[in-house]
Number of protein chains: 2
Amino acid sequence: MNSLTHNSQMMPSVPVSSDAGVVLAFDVGGTDMKVGLVVGDLGVASHEVLDLQRHRTPLDGARSGDTVCARIVELFHEYAQAHPQQKIAAVGVTVPGIVDEINGVGIYSANLGWQNYPFTATLTAALGVPVAFGHDVAMAGEAEFNLGAATGKSDVAVLVIGTGIAGAFFADGHRIQGAGYAGEVGHALVPGPDGKLVILESLASAGGIARRYGEACGTVVGGARQVLERARAGDVTAVRIWAEAVDALAFSVAQCVAMLGTNTVVLGGGLSMAGSDLFVPLARRVDELLTFQRRPDYVPASLGENAGLIGSALKARSLLTGGTLLTGGTL
Amino acid sequence: MNSLTHNSQMMPSVPVSSDAGVVLAFDVGGTDMKVGLVVGDLGVASHEVLDLQRHRTPLDGARSGDTVCARIVELFHEYAQAHPQQKIAAVGVTVPGIVDEINGVGIYSANLGWQNYPFTATLTAALGVPVAFGHDVAMAGEAEFNLGAATGKSDVAVLVIGTGIAGAFFADGHRIQGAGYAGEVGHALVPGPDGKLVILESLASAGGIARRYGEACGTVVGGARQVLERARAGDVTAVRIWAEAVDALAFSVAQCVAMLGTNTVVLGGGLSMAGSDLFVPLARRVDELLTFQRRPDYVPASLGENAGLIGSALKARSLLTGGTLLTGGTL
C-alpha cells in the first residue's frame, strides 16, 4: 500500500492546514529542471506554484545522481533564504526513467545517466526534511487523478504525449506501479502502417509525427503542430501521418480498455493541444476497435505543464501528515 | 479496497481456524456447474475439495440468473443434508462474463444470458450465509496468486488458455478489477499473420488453434493437442499455426510488461499442458519484443481445474472474518 493514491482517498477527512508548511518541488528533466514552492491546501484542490524557476540540469554521466542532488540541495537553501516567510516542510522530486518509489531509488535513466541511485536517502540526509520521490509522469498523473482532469474517476489512463509518450495508469482508484516499470506505454508495441511492430511513440508522439513527416517529404518541420496545420490545409502526407498517429494511439488505448477496464483517458503534453483534431478521431477509432467493452471518456489534462510539480508536492504533503495519509514505507 | 487481494495480504496474522466452518463453492460455466465443499485453512495454503460434483447449468435465456440461483439454493440444501458434520458457513460463486464484484452483480454474460443480475443479494437472502461472488478466471487467478503458482509475487498475469482466453492481472499485490472489465485479454487486439487486427483468442486459444488448423487443412482435428502433435511430427501447417499462436500470446504478454510491469506470467488452462512447447518459444519471443523492460518468469498454474472453486472459497472465507480480512463493501 505504498502509492499516494491509496492514501489521498482519505484526504477530505484529514484537511491539511496551510501552516503545515509549503513544499519545494523539483521536476528534473533531461535538459532543464523546474523548481517552485507549492503552497495551498492540496487536499481541496487549491494550489499555487510560487517563484517557479527553470535551471539547467547538471549532468555528469554516471555521476549525475550526485550532481543533480547537489543542485537540489543548493536550490533548497536559495529558496529558504529567498522566502524566509515560507517554511519548507518537505521536498518533492520527480525524475524520468525507471523509478522505484517505494525504496526511493532512480533505477535507470537513459538520458540522465544514473543507475540505482538512492535519491530519497541522499536528499533526506542532506536536507533534513521528508523527501517524496517519484516518476515525472506518474506524479503528473497523480495530480490529474487527485486534483485535475480525472478527479473522482477510478479507472484512468493519463497519457502525456510530447517528444515521447509516457503514461500513468489507475485501476480501482490506485495507481499501478509495477515496481517502477508500469506506465511505459510509449514503448508498448503497436502494428505500424507497413505491418511491422514498432513502439507507440515512434508513430504517435509529437516527436515521431514531426520526424515521420520530415522523412516522408524530405523536409524538416518545426514540430507536430506544423504537421497538423498542413493536414488541415489538405496536405495528403500530413493527413496520412496524423491518421497513422491517431490509429496507433487508439490501438494502445484499446489495449488499456481490454486489459484494465480503463474508463477515462486523460490526454496531456504538447500533442493534446491539437484538441478536437486529436480527440474526435481517437474516440471514433477506439470505438471501432472495441466490442463489448465500455467506451472511455476522453478529457484534456487540466493542470498544464506544472502537473508533475504539483503531483510531487501532493506526495510530499502526504508525508507530512505521517501515517495518516501515508501508510507504508515510501520514505 | 474491495478486492480480496488487498486483504489476503494480512492473512498470516489472522489465521482462520477450521472451526470457522467450510465453504460451499460453485463454479458456474456455460454448460456445467461444478460444486464442492472447500475445507482447510486457506490462509496457510492447505485446502481440499470434498464431494466435488458436476451438474448441468440450468439455462433459460434472460431468466438464467434466476434458474442458476435456484439451482444453487437446491444444491446448498442437498450438501447440507449430505454433510451434516460440515457446517457450511459461507458460499462462493463464480461465473463468466462481466462481473461487478463490489455490488455482487453479473453485468453481462453472452453465453449464460443474464444482464445486471443481482447474484449476491439474491443468494444471500435465500441462503442466510455470506456469499462471495466473482468472475471465474479472476477467482482462479486469486487462488494462484494467494495459494498457487504466483505466491509471494506482486506483478502477475494469470492467463487461462482454453476454448477462449481470459486473464487476471495483479499489480503491486492487488488484482486489477476495472469495475469488472479488466482482464479481458482474450479480446485484446493483436496483429494477425496477415497484418489485420484480430483478437488474441482467435489465434492463441486452444479453440482458435484447432479451428485455424482445420480451416487451413480442410480437416477437423480433435483439438489444439492434436495440432501440437502434428507440429512435433513436422507438419508444416501445424508448425506455422502453433508459432502464430505463440507470437500472438507473446505480443499480449509484452503489452502487459510494458503497461503493468508484469514480472510473473502464470499459464493455466488446457493449452498450458503443452509445457516446454509453449513456455520456451513464448519466453524467447517475448524477450525479442522487449527492450529495457524486466523479463517475466513463466510458471504453470499449480491448482488445476479447481482453481476457480478454491479462489471463490478463499474469498468466501475472507467474508467470515468480517472486517478483519475484508474491508469494503463486497457484500
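**Figure 1. Surroundings of Thr219(B) in the predicted model.** Beyond its neighbours within four places in sequence, Thr219(B) is in contact with Tyr213(B), Gly214(B) and Arg230(B). The model shown here and in the other views is predicted. Thr219(B) belongs to the loop that runs between α6 (206-217) and α7 of chain B. With a relative accessibility of 35%, Thr219(B) counts as partly exposed.

**Figure 2. Leu228(B) in helix α7 of chain B.** Helix α7 of chain B spans residues 224-232 and includes Leu228(B). Is this residue buried or exposed? Leu228(B) counts as buried because its relative accessibility is 7%, under the 20% limit for that class. Residues up to four places away in sequence aside, Leu228(B) touches Trp242(B), Ala274(B) and Asp277(B). Ala274(B) is 46 residues from Leu228(B) along the chain, and the C-alpha atoms of the two are separated by 7.8 Å.

**Figure 3. Helix α2 of chain A and the elements packed against it.** Helix α2 of chain A comprises 19 residues, 64-82. The distance from its first C-alpha to its last is 26 Å, close to the 27 Å expected at 1.5 Å a residue.

**Figure 4. Ile72(B) in helix α2 of chain B.** Ile72(B) is found in helix α2 of chain B, residues 64-82. Its relative accessibility is 0%, and Ile72(B) therefore counts as buried. Apart from residues up to four places away in sequence, Ile72(B) touches Phe26(B), Val28(B), Met33(B), Val93(B) and Leu123(B). The C-alpha atoms of Ile72(B) and Met33(B) are 9.4 Å apart in space, while the two residues are 39 apart in sequence.

Figure 5. Most residues other than glycine have a negative phi. Asp51(A), by contrast, has a phi near 50°, a positive value. This residue is found in strand β3 of chain A. At 30% relative accessibility, Asp51(A) is classed as partly exposed. Phi of Asp172(B) is likewise positive, near 55°. Asp172(B) lies in the loop between β10 (165-171) and β11 (174-175) of chain B. Its relative accessible area of 25% makes Asp172(B) partly exposed.

Figure 6. Rolling a probe the size of a water molecule over the atoms shows where empty space is left. The structure holds 3 cavities of 30 Å³ or more, and the largest cavity has a volume of about 180 Å³. Its lining consists of 19 residues, of which His135(A), Ala138(A), Arg175(A), Gly180(A) and Ala182(A) are the closest to its centre. Which strands of chain A each supply at least two residues of this lining? They are β5 (98-100) and β10 (165-171). The largest share, 4 residues, comes from β10(A). By class, the lining residues of the largest cavity divide into 10 nonpolar, 5 polar and 4 charged.

**Figure 7. Fold of chain A as context for the close-up views.** The secondary structure of chain A comes to 10 helices and 15 strands. Chain A has 331 residues, and 60% of them count as buried. Among its contacts between residues at least 6 apart in sequence, 66% join residues at least 24 apart.

Notes: Residues are numbered from 1 along each chain as its sequence is written. Chains are lettered from A and ligands numbered from 1 in the order in which they are written. This is a predicted model: local features need pLDDT of at least 70, side-chain atom pairs count only at pLDDT 80 or more; totals for chains, interfaces and linings use all residues. Side-chain values use heavy atoms; hydrogens and water are left out. The expected span of a helix is 1.5 Å times one less than its number of residues. On a 1 Å grid over the protein atoms alone, a cavity is a set of points where a 1.4 Å probe fits but cannot get out, and a pocket is an open set with protein on both sides within 12 Å along at least five of seven lines; lining residues have an atom within 4 Å of a point. Grid points are joined across faces, edges and corners, and a volume is the space filled by probe spheres set on the points. Ala, Val, Leu, Ile, Met, Phe, Trp, Tyr, Cys and Pro count as nonpolar, Asp, Glu, Lys and Arg as charged, and the others, Gly among them, as polar. Buried means under 20% relative accessible area, exposed over 50%, partly exposed in between (1.4 Å probe, protein chains only). Contact means heavy atoms within 4.5 Å.
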